[in-house]
Amino acid sequence: MKPFTFRLDKILDYRKYLTKVAQIDLFNAKIKCIKREKKIKRLSEKRKEIADELSSLYYKRKLYEQAKEAFNLIKEGLTKLENASDITYELNVPLFGQLIDPNAIRIFIDDCNASINEVESRHAEISQRIKELEEELDRLDRTIREYVSAYERLQQLDVEIGRLERRKRDLENEIAYLNR
C-alpha cells in the first residue's frame, strides 16, 4: 500500500487567493475612507460658509428690528405732531419757525408707513432665509456625524485587519517552523 501524503499546495494557493481578495477589499476600504475624509472636509467647509452667512443674517435681522422700532417711534412722534399742527395751523402759531401744513405731516406719516412695510418685508425675507440655512446646517451636521461615524468604523476595521494580518503571519511562521 502506498503511503498517504498530504499536500498543502492547493490549500496554500487558496489561502493566497483569499489573501489577495482581502487585500483588494482592504484597498477598496481605504479608498472609501479617503473619499469620506474628503467629503467630511468639503461638508465642514460648507458648514463654515453657512455659519458665516447665518451670522451675517442674524446681524441684519437685528438691524431691521431696530429700524422698525425707530420708524414706529418716528411715526408715533409724527402722529402727535400732526395733532398739534392742526391746532397750531388753526391758531396761526408757527411750529419749528413756520406754519406746518397737516397734509405735509400726513405725507411724512405715509412715507414712514411705507418704510415700515419695507423693513418688515425685508425682515421676513431674512427670517425665512435664516430658517432655511438653519435647516441646511442641521442636515449638514447630521450628514457629517454619519460620515464621521462611518469613517471611524472604517478605521477600526483597518486596525482589526492589521491585527489579523499580523496573526496570519505569526501562524504562517509557526506552520513553517512545524514543517521543518
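Tutor: A patch is made of residues with over 30% relative accessible area and no salt bridge, with like charges joined within 9 Å and nonpolar side chains (Val, Leu, Ile, Met, Phe, Trp, Tyr) within 5 Å. A salt bridge is a side-chain nitrogen of Lys or Arg within 4 Å of a carboxyl oxygen of Asp or Glu. This is a predicted model, in which local features need pLDDT of at least 70 and side-chain atom pairs count only at pLDDT 80 or more, while totals for chains, interfaces and linings use all residues. Residues are numbered from 1 along each chain as its sequence is written, and side-chain values use heavy atoms, with hydrogens and water left out.

Student: Which residues form a nonpolar patch on the surface here?

Tutor: Y14, Y17 and L18 do, with about 350 Å² of accessible area together (Shrake-Rupley method, 1.4 Å probe; for residues, only the protein chains shown count as cover).

Student: Where is L18 found?

Tutor: Helices are DSSP runs (H or I, at least four residues), numbered from the N terminus. L18 belongs to helix α1, residues 9-91.

Student: Which residues line the largest pocket?

Tutor: A pocket is an open set of points on a 1 Å grid over the protein atoms alone, with protein on both sides within 12 Å along at least five of seven lines; lining residues have an atom within 4 Å of a point. Here the lining includes L18, D25, I161 and K168. Two or more lining residues come from each of α1 and α2 (102-179), and α1 gives the largest share, seven residues.

Definitions and conventions
On a 1 Å grid over the protein atoms alone, a cavity is a set of points where a 1.4 Å probe fits but cannot get out, and a pocket is an open set with protein on both sides within 12 Å along at least five of seven lines; lining residues have an atom within 4 Å of a point.
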